[in-house]
Structure formats: structure tokens, C-alpha cells
Amino acid sequence: MPSYPSSGVSQVFGLLDVLRAYNGKTSVAKLNIDLHLDIDDLLPPIATAELLELLTVKNGEISLTEIGRKILSSKMPTRKVIIGEQLRKVDLYKEILKELETKKRLALVDVEEIIEGLYGPFKDVHEGVRLVIRWGVFADLFDYDGAGIILHKTSHASN
């Protein structure tokens with residue numbers, strides 16, 4: 001399982017919504033068949049949701065966790081707070097936030113270096129960086145200027 005988000009916010013929330021329709025639990029195989037998805041398209045949102053402790057996968061069964069259920073019953077501002085709390089537990093975000101605390105800003109290449117320093121080189125580091133940034137911005141962990149600089153959140157972020 002990746003130790004960083006491998007799927008976007010909307011895909012993960014969509015997966016949680018689908019799981020709710022199965023009363024919070026089903027087999028990965030049934031989900032794959034019912035959704036008519038290629039397994040390669042289904043695994044990244046599952047892995048990301050599992051990383052964030054929104055669901056668990058055990059013996060081919062996929063189940064919502066209490067945090068996943070809380071997300072589904074919450075409005076967007078609360079969802080962002082919950083995701084922020086979960087991301088702060090992930091080593092990659094701990095490292096990014098630590099670097100931002102010191103440097104106040106990071107370039108995309110700095111984030112690439114953090115990712116590869118933690119997990120070694122991998123094929124599509126650029127897509128990984130984009131997903132990492134999107135999740136961090138969604139959860140208000142940091143800001144992104146759109147031109148390649150991640151900025152320390154100075155106003156309403158909690159540490």
C-alpha cells in the first residue's frame with residue numbers, strides 16, 4: 001500500500017459514497033464487478049482511503065471505518081478538518097509540514113525530493129506530487145500558489 005495519496009479527493013469520496021450504498025461493507029471483487037471498473041482504477045482510491053483510515057480491507061472485504069462513516073455524515077468544512085487530521089498522521093505530510101515550518105515555502109522539486117527520500121525513486125513522481133499537493137490544500141494544511149510553490153499556512157492552520 002502506498003504511503004502517500006495515490007488517488008484524488010473526489011475518487012475517494014465517491015468510493016465512500018458507493019460503500020455507503022452497500023451498508024458500509026462489501027467485497028472488493030463485487031465492487032469491481034458492480035462498478036464496471038478496471039481493478040487498476042479501483043485500487044488507488046481504495047489504497048488512499050485505507051491510508052487515511054477511512055476504510056479497511058481484510059481478506060478481500062472492504063469496510064468503512066468509524067472515521068469513514070463520520071466523513072460521510074459530515075458537511076464539507078468538517079470533512080476537510082477530518083482529512084487534515086488524518087494527513088497529519090502520514091509520514092510524508094509530517095515531513096512536508098516540518099519543512100514548511102522551517103522554510104515557509106517549498107518548490108515542487110523539494111516535495112519530489114521529500115517523497116523520493118522517504119520512499120525511494122518511483123515512476124511518476126510528478127503525478128504523486130500533484131496528488132500530495134491537492135490533498136494538502138484540500139485539508140488546509142498548506143497553500144499552493146499554482147506556479148510551483150507550496151506556502152506555509154500562516155493564518156487559520158493549526159499545528
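These legends accompany an overall view and close-ups of one predicted model.

Local features need pLDDT of at least 70 and side-chain atom pairs pLDDT 80 or more, while totals for chains, interfaces and linings use all residues of this predicted model. Residues are numbered from 1 along each chain as its sequence is written, and side-chain values use heavy atoms, without hydrogens or water.

**Figure 1. Overall fold of the protein, with eight helices and six strands.** Helices (H or I, at least four residues) and strands (E, at least two) are DSSP runs numbered from the N terminus. Their order from that end is α-β-α-α-β-β-α-α-α-β-α-α-β-β. The radius of gyration (over C-alpha atoms) is 16 Å, close to the 15 Å that the globule rule (2.2 Å times the number of residues to the power 0.38) gives for 159 residues, so the protein is as compact as a globular protein of that length. Along the principal axes, the C-alpha atoms fill a box of roughly 45 × 35 × 25 Å.

Figure 2. Glu112 is buried yet has no salt bridge. Buried means under 20% relative accessible area, exposed over 50%, and partly exposed in between (1.4 Å probe, protein chains only). A salt bridge puts a side-chain nitrogen of Lys or Arg within 4 Å of a carboxyl oxygen of Asp or Glu. The Glu112 side chain instead makes a polar contact with the side chain of His126 at 2.8 Å. Such a contact is a pair of N or O atoms within 3.5 Å; within protein, one must be able to donate a hydrogen and the other to accept it, and residues adjacent in sequence count only if both atoms are side-chain atoms.

**Figure 3. Leu64 in strand β3 (residues 61–64).** Leu64 counts as buried, at 9% relative accessibility. Beyond four places in sequence, Leu64 touches residues including Leu16, Leu19, Leu54 and Leu72 (contact: heavy atoms within 4.5 Å).

**Figure 4. Salt bridge between Asp17 and Arg20.** The N to O distance is 2.6 Å. Both residues lie in helix α1 (residues 9–21), three residues apart, about one turn of the helix. Asp17 is partly exposed at 35%, as is Arg20 at 42%.

**Figure 5. Salt bridge between Glu53 and Lys89 (3.2 Å, N to O).** Glu53 lies in the loop between α3 and β2, and Lys89 in the loop between α5 and α6, so the pair ties together parts 36 residues apart in sequence.

Notes
Lys, Arg positive; Asp, Glu negative; His and termini not counted.
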